[in-house]
Amino acid sequence: MRLDLMIRAEVRREDRDAVRRLAESTKFFRPDEVDVAVELVDAFLATGEASGYEFLFAEQNGHVVGYICYGLIGCTLGSYDVYWIVVDQQSQGAGIGRRLLQQAEQDLASRNARLVYIETSNKPQYAPTRQFYLRCGYQIAAVMADFYDDGDDKVVLVRDLRNSNTSSVSAI
Ligand SMILES: CC(C)(COP(=O)(O)OP(=O)(O)OC[C@H]1O[C@@H](n2cnc3c(N)ncnc32)[C@H](O)[C@@H]1OP(=O)(O)O)[C@@H](O)C(=O)NCCC(=O)NCCS
């Protein structure tokens, strides 16, 4: 049975646990990286929009199955970073990640955002993640050799919202 997806921007206290559960489910992130993901939720819960972080949570049947965290890059005019996007391992490949990214882009485009950046690793483990971003209309803007560790480059991807049609969010 196909369950409808609900996207909400409200951040709730219980989202701390949801973010930890989602990040751990992927087996992609080290424990210290998972802690950072939760810290961003804590920052928002403590100070709201002043934290500089914005969230969208995807729920199916009242259960959080994915989320995205993004925010304005300091000292820029309309350039945004996607800090985190995670879909529960059991729910990947069903269009939830694309829907979250599209909804964030639509939100940003309505505020005249110009550019959206995403950083990821060049390691083989992240090949599906890079493929996801490329399929979602992002282009590789830079590769920074050995950024994360020896042999672990940083890949910076960008989408120019000024030349993109973000008006339609696909239904899944
Ligand atoms: C990356 C991630 C957010 C994508 O979310 P998702 O819901 O699985 O992706 P979708 O189902 O929306 O896929 C959207 C597009 O990306 C492509 N894609 C997704 N996963 C892919 C994979 N493993 N390999 C190749 N392409 C992939 C899909 O084919 C689809 O393109 P199409 O519609 O043109 O065929 C999710 O897989 C995830 O949480 N991965 C682990 C954590 C991670 O890497 N997060 C990002 C770093 S912070």
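This report covers the ligand and the pockets of a predicted model.

## Ground rules

In this predicted model, local features need pLDDT of at least 70, side-chain atom pairs count only at pLDDT 80 or more, and totals for chains, interfaces and linings use all residues. Residues are numbered from 1 along each chain as its sequence is written, and side-chain values use heavy atoms, with hydrogens and water left out.

## Around the ligand

The shell around the ligand holds 19 residues. The closest are G95, G97, R98, T129 and R135. Sorted by class, ten shell residues are nonpolar, seven are polar and two are charged. Here Ala, Val, Leu, Ile, Met, Phe, Trp, Tyr, Cys and Pro count as nonpolar; Asp, Glu, Lys and Arg count as charged; the others, Gly among them, count as polar.

A polar backbone atom of I85 is 2.8 Å from a ligand nitrogen atom. An oxygen atom of the ligand lies 2.8 Å from a backbone N or O atom of G97. For R98, a polar backbone atom is 2.8 Å from an oxygen atom of the ligand. Taken alone, the ligand exposes 910 Å², and the protein buries 76% of that. These areas come from the Shrake-Rupley method with a 1.4 Å probe.

## The largest pocket

The ligand takes up space that is the largest pocket. A molecule sits in a pocket if more than half of its atoms lie within 2 Å of the pocket's grid points. On a 1 Å grid over the protein atoms alone, a pocket is an open set of points where a 1.4 Å probe fits, with protein on both sides within 12 Å along at least five of seven lines; lining residues have an atom within 4 Å of a point.

This pocket contains about 1,200 Å³ of space. Its lining has 39 residues, and F29, I85, Y126, T129 and Y133 lie nearest its centre. β4 gives the largest share of that lining, seven residues. In the shell around the ligand, α4 gives the most, with six residues. Helices (H or I, at least four residues) and strands (E, at least two) are DSSP runs, numbered from the N terminus.

## The second largest pocket

About 180 Å³ of space lies here. The second largest pocket has 13 lining residues, with F44, E49, Y53, E54 and R111 nearest its centre. β2 (54–60) and β3 (63–72) each supply at least two of the lining residues.

Definitions and conventions: A residue is near a molecule or strand if one of its heavy atoms lies within 4 Å of it. A polar contact is a pair of N or O atoms within 3.5 Å; within protein, one must be able to donate a hydrogen and the other to accept it, and residues adjacent in sequence count only if both atoms are side-chain atoms. Grid points are joined across faces, edges and corners, and a volume is the space filled by probe spheres set on the points.
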